[in-house]
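User: Hi, I have a chain open here and I'm new to this. Can we go through it together, bit by bit?
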Amino acid sequence: MGSSGVQIVCMALGILGLIAAVVTIAVPRWKVSAFIGQNIITAQVQEEGLWMECVVQSTGQQQCKAYDSLLILGSDLQAARAMTIIGCMLTVLSLLVLCVGADFTTCIDNEEVKPKVSLVSAIGLILAGLLLIIPVSWAAHNVVRDFNNPLVAQSHKRELGACIFVGWGGGVLLLLAGGLLCCFSRPRSGGSGGAAKYYSNSASAPSKNYV
């Protein structure tokens with residue numbers, strides 16, 4: 001069974017990963033303007049996210065506009081919305097399951113069930129980490145591909161935004177939390193040994209001969 005200290009660390013890593021996932025979803029900085037070639041106008045910066053695109057002026061003013069329709073969005077953006085939201089929900093559920101099956105809580109008294117519950121939470125955290133890493137990696141691949149594509153106009157080229165890196169970091173934290181739980185949430189295998197010892201003692205008792 002996993003120790004309480006390891007489970008507390010995994011809980012903290014899971015919470016940090018959840019915060020990073022929420023920031024990745026909410027902040028519209030997946031893609032930012034690339035100032036290359038003739039596109040040297042730095043008076044405003046265009047930022048694109050999952051839900052809206054924004055224009056930031058050099059004076060600090062920011063204007064954002066939500067996307068008009070879901071149908072006009074690319075397949076990568078639609079998939080990123082679904083996967084990141086499912087990942088956040090799975091992270092919250094996995095953390096709640098971990099609280100129930102952790103050694104530092106008394107929600108479950110059966111010591112044989114707790115490792116199994118923690119293992120379920122570990123699998124959920126690993127899946128949540130993958131659901132966060134996959135969409136940001138997909139978006140990063142598209143940005144790099146369009147940036148190096150000579151057929152794409154320079155005004156339409158973008159660079160990697162901060163949310164891409166935040167998403168990578170959050171996904172790694174969730175994978176690390178799930179991996180640690182998998183390593184320290186294995187059921188004990190000493191139950192059968194104790195039973196064998198008990199039977200051996202009882203079986204040796206009739207072998208004594210009394211005169």
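User: How many helices and strands are in the chain?

Analyst: The chain has five helices and five strands. Both are DSSP runs, numbered from the N terminus: helices are H or I with at least four residues, strands are E with at least two. This is a predicted model, so local features need pLDDT of at least 70 and side-chain atom pairs count only at pLDDT 80 or more, while totals for chains, interfaces and linings use all residues. Residues are numbered from 1 along each chain as its sequence is written, and side-chain values use heavy atoms, with hydrogens and water left out.

User: In what order do the elements run from the N terminus on?

Analyst: The order is α-β-β-β-β-α-α-β-α-α.

User: What share of the residues is buried?

Analyst: Of the 211 residues in the chain, 35% are buried. Buried means under 20% relative accessible area, exposed means over 50%, and partly exposed is in between (1.4 Å probe, protein chains only).

User: And what is the accessible surface of the chain?

Analyst: About 12200 Å². Carbon and sulfur atoms account for 66% of that surface. The areas come from the Shrake-Rupley method with a 1.4 Å probe, and for residues only the protein chains shown count as cover.

User: Let's do helices. How do H1 and H2 cross?

Analyst: H1 is residues 4-26 and H2 is residues 75-101. Their axes come within 10 Å and cross at roughly 160°. That makes H1 roughly antiparallel to H2. Axes are lines fitted to C-alpha atoms, for helices over the stretch in contact, and angles run from 0 to 180 degrees between N-to-C directions. Angles under 35 degrees count as roughly parallel, over 145 as roughly antiparallel, 65 to 115 as roughly perpendicular and the rest as oblique.

User: Left-handed or right-handed, when H1 passes H2?

Analyst: Left-handed. A crossing is left-handed if the near helix is turned anticlockwise from the far one by less than a right angle, and right-handed if clockwise.

User: Which residues of H1 and H2 meet there?

Analyst: On the H1 side they include Met11, Leu18 and Ile25. On the H2 side, Ile85, Val92 and Leu98 are among them. By class, the contact of H1 with H2 has 12 nonpolar, five polar and no charged residues. Ala, Val, Leu, Ile, Met, Phe, Trp, Tyr, Cys and Pro count as nonpolar; Asp, Glu, Lys and Arg count as charged; the others, Gly among them, count as polar.

User: Next pair. How do H2 and H3 pack?

Analyst: H3 covers residues 114-147. The H2 and H3 axes are 8 Å apart, at an angle of about 160°. H2 and H3 are therefore roughly antiparallel, and their crossing is left-handed. Their contact has 17 nonpolar, 10 polar and two charged residues.

User: Switching topic. Where does cysteine 54 lie, and why does it count as buried?

Analyst: Cysteine 54 lies in strand E3, residues 52-57. It counts as buried because its relative accessibility is 2%. Leaving aside neighbours within four places in sequence, its contacts include Pro28, Val45 and Cys64.

User: How far is cysteine 54 from lysine 65?

Analyst: They are 11 residues apart in sequence and 6.3 Å apart in space, C-alpha to C-alpha.

User: Last one: where is arginine 29, and which residues is it in contact with?

Analyst: Arginine 29 is in the loop between H1 and strand E1 (31-33). At 30% relative accessibility, arginine 29 counts as partly exposed. Beyond its neighbours within four places in sequence, arginine 29 is in contact with Glu47, Glu48, Gly49, Gly161, Ala162, Cys163 and Ile164. Arginine 29 and glutamate 47 are 18 residues apart in sequence, yet 5.5 Å apart in space, C-alpha to C-alpha.

Note on methods. Contact = heavy atoms within 4.5 Å.
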